[in-house]
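Take a look at the fold below. We will start with the whole chain and then walk through its parts.

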Amino acid sequence: MSKLKAGILGGTGMVGQRFISILENHPWFEVTTIAASERSAGKTYEEAVGDRWKMDTPMPEAVKKIVVMNVNEVEKVAAGVDFVFSAVDMTKEEIKAIEEAYAKTETPVVSNNSAHRWTPDVPMVVPEINPEHMKVIDFQKKRLGTTRGFIAVKPNCSIQSYAPVLTAWKEFEPYEVVVSTYQAISGAGKTFKDWPEMVGNIIPYIGGEEEKSEKEPLRIWGTLEDGVIKPATSPVITSQCIRVPVLNGHTASVFVKFKKKPTKEQLIEKLVTFSGEPQRLGLPSAPKQFIRYLEEDNRPQVQLDVNYENGMGVSVGRLREDTVYDWKFVGLSHNTLRGAAGGAVLCAELLKAMGYIEAK
């Protein structure tokens, strides 16, 4: 099988770099085109990135000599690819416009950005949780006037550490949730070298993050009605989001009230047996076991657990009864793998398996 040609929009930034490193040996997709801002256009990828390569692994040889294109030359970029991943660094309105422009060239756009997360006919998907939302694409295409072009997005990185857990417990009817997330600096596109003031520091504010943490799970749990995704109304979530001196890995401390009263054994059993379409289909990036439960009192820990299932799984621990809420737990997910580029690659794999992404 010949690989599908993937383009990376915003390929020189941290998430773009993560896309490039993840796709290095991908069995289905090959990076053939990289687009970025005008200042990078015309340089080789190696020259454009220079000393700003932020991944732990070396820059893949296959991309070093690719000449970076201007992301704003939409028709030109789209001509050489079957679909694109979007990680552009622009204003929300600019991102909305440029992603729609690519979709209108009949190029599917799988976006890491937040700009289209609340566009009613754009699916926002965690493939294990709401793959059926991809069907809204058929309505979106009618609006855009396209036959194969569309936009699909993945949700915010921090909700991956608790939304899958609450999904696994759906039958016990969680109705009230308090969550505090402790978020890594790579979520802001930074390393400690870029952000020395984060060493030994905590910042109790991340712009826009609390609203995303409270609202985005409800859209993921929503239903497709009349050609749009209608968000769920329950459970009610309240959150605080804190930046901590960790490079990769978002940790969540979560308290839950249930309408039905599960036992600890029932809750753990639902976690470890939870799986979805990616596992059934055997998608290349899918974790074999999506959620694992750790019995030790001091787990999950970033240093020990963030790379579980190549960074695509969720680790849960410290599940115990609470004196005010019913149960509490700690969750951990990798924010730039499961939470960002890896989650988008898994979405693209699901879209290919469903027939939405194919060769032009």
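Start with overall size. With 360 residues, a compact globule would have a radius of gyration near 21 Å; this protein chain has 20 Å, so the two agree. Keep in mind that this is a predicted model. Along its principal axes, the C-alpha trace spans about 60 × 50 × 35 Å. Of the 360 residues, 58% count as buried.

Now look at how the chain meets itself. Take the contacts between residues at least 6 apart in sequence: 77% of them join residues at least 24 apart. The surface comes next. The protein chain exposes about 15,200 Å², and carbon and sulfur atoms supply 50% of that area. Charges are here too: there are 44 positive and 46 negative side chains. The centres of these two sets lie 1 Å apart.

What is the chain built from? Its secondary structure comes to twelve helices and 14 strands. Strands of a sheet pair through backbone hydrogen bonds, either parallel or antiparallel.

Begin with the parallel case. Six strands form an open sheet, in the order E3-E2-E1-E4-E5-E6, with parallel pairing. Its edge strands are E3 (69–70) and E6 (151–153), and each of them pairs on one side only. Now find strand E1, residues 4–9. E1 is mostly covered, as five of its six residues are buried. Six bridges join E1 to E2, and these two strands run parallel. Glycine 7 has threonine 33 in E2 as its bridge partner. Four bridges join E1 to strand E4 (residues 83–86), again running parallel. There, alanine 6 has phenylalanine 83 in E4 as its bridge partner.

Two loops are worth a stop here. Threonine 44 lies in the loop between strand E2 (29–36) and helix H2 (45–49). Is threonine 44 buried or exposed? Its relative accessible area is 16%, and the cut-off for buried is under 20%, so threonine 44 is buried. Setting aside residues up to four places away in sequence, threonine 44 touches Lys64, Lys65, Ile66, Val67 and Val68.

Glycine 149 sits in the loop between helix H6 (137–144) and E6. Its relative accessible area is 0%, so glycine 149 is buried. Which residues does glycine 149 contact, leaving aside its neighbours within four places in sequence? They are Ala103, Glu106, Thr107, Pro108, Lys141 and Leu144. Leucine 271 is 122 residues from glycine 149 along the chain, and their C-alpha atoms are separated by 36 Å.

One of those contacts, Glu106, has a feature of its own. Glutamate 106 has a positive phi of about 70°, although it is not a glycine. Look for glutamate 106 in the loop between helix H5 (92–103) and strand E5 (109–111). With a relative accessible area of 22%, glutamate 106 is partly exposed.

Move on to the antiparallel pairs. Strand E7 (residues 174–183) and strand E11 (residues 250–258) run antiparallel and are joined by eight bridges. Valine 179 stands opposite valine 254 in E11. Seven bridges then join E11 to strand E14 (residues 327–333), also antiparallel. In this pairing, serine 253 has valine 330 in E14 as its bridge partner.

Glutamine 183 has 1% relative accessibility, so it counts as buried. Leaving aside neighbours within four places in sequence, its contacts include Ser158, Ile206, Glu209, Cys241 and His250.

Finish with some backbone details. Aspartate 226 is found in the loop between strand E8 (223–225) and E9. Its phi is near 55°, a positive value in a residue other than glycine. At 75% relative accessibility, aspartate 226 counts as exposed.

Two peptide bonds also deserve a look. The bond from serine 234 to proline 235 is cis, with omega near 0°. Proline 235 lies in the loop between strand E9 (228–230) and strand E10 (236–243). The bond from arginine 299 to proline 300 is cis as well, with omega near 5°. Proline 300 is found in the loop between strand E12 (291–294) and helix H11 (302–305).

Conventions:
Residues are numbered from 1 along each chain as its sequence is written. This is a predicted model: local features need pLDDT of at least 70, side-chain atom pairs count only at pLDDT 80 or more; totals for chains, interfaces and linings use all residues. Side-chain values use heavy atoms; hydrogens and water are left out. The radius of gyration is taken over C-alpha atoms; the globule rule is 2.2 Å times the number of residues to the power 0.38. Buried means under 20% relative accessible area, exposed over 50%, partly exposed in between (1.4 Å probe, protein chains only). Contact means heavy atoms within 4.5 Å. Accessible areas come from the Shrake-Rupley method with a 1.4 Å probe; for residues, only the protein chains shown count as cover. Lys and Arg count as positive and Asp and Glu as negative; His and the chain ends are not counted. The place of a charge is taken as NZ of Lys, CZ of Arg, CG of Asp or CD of Glu. Two strands pair if DSSP finds at least two bridges between them.
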